[in-house]
Amino acid sequence: MSQPPAKRRRVELTLEDKIKIITESTAQPKPSLKALDERFKIGKSTVGDILKKKNVYQEQWEKNESGSKFRFDNECKFDRLNELTWE
């Protein structure tokens, strides 16, 4: 029996890394998602997700957010409901 493929290590990308991916994706000739995922050692779907959210990442970058920031503080959809529940 064959063994299942080895799992890829989890890679946390900084905001700076995401901006590098975005800028490289706009270079000429345009690299494929496969080329970008091999270069940054992340999954092809992760590269696609970063490119889909590029406006959010560029906005954070322009606000001079820390380049070493890994995750964003996302607001909860139900803040008001949480407050009422807590009360």
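Arg-39 and Glu-24 form a salt bridge, with their closest N and O atoms 3.2 Å apart; the term stands for a side-chain nitrogen of Lys or Arg within 4 Å of a carboxyl oxygen of Asp or Glu. Arg-39 belongs to helix α2 and Glu-24 to helix α1 (residues 15-25), so this pair ties together parts that are 15 residues apart in sequence. Helices here are DSSP runs of H or I, at least four residues, numbered from the N terminus. The model is a predicted one, in which local features need pLDDT of at least 70 and side-chain atom pairs count only at pLDDT 80 or more, while totals for chains, interfaces and linings use all residues. Residues are numbered from 1 along each chain as its sequence is written, and side-chain values use heavy atoms, leaving out hydrogens and water.

The whole structure holds three salt bridges. Another one joins Arg-80 to Glu-83, with the closest N and O atoms 3.3 Å apart. Both of these residues sit in helix α5 (residues 79-86), three residues apart, about one turn of the helix.

A polar atom of the Asp-37 side chain does lie 3.4 Å from the backbone nitrogen of Lys-44.

Notes. Polar contact = N/O pair within 3.5 Å; in protein donor to acceptor, adjacent residues only side chain to side chain. Helix = DSSP H or I, 4+ residues; strand = E, 2+ residues; numbered from the N terminus.
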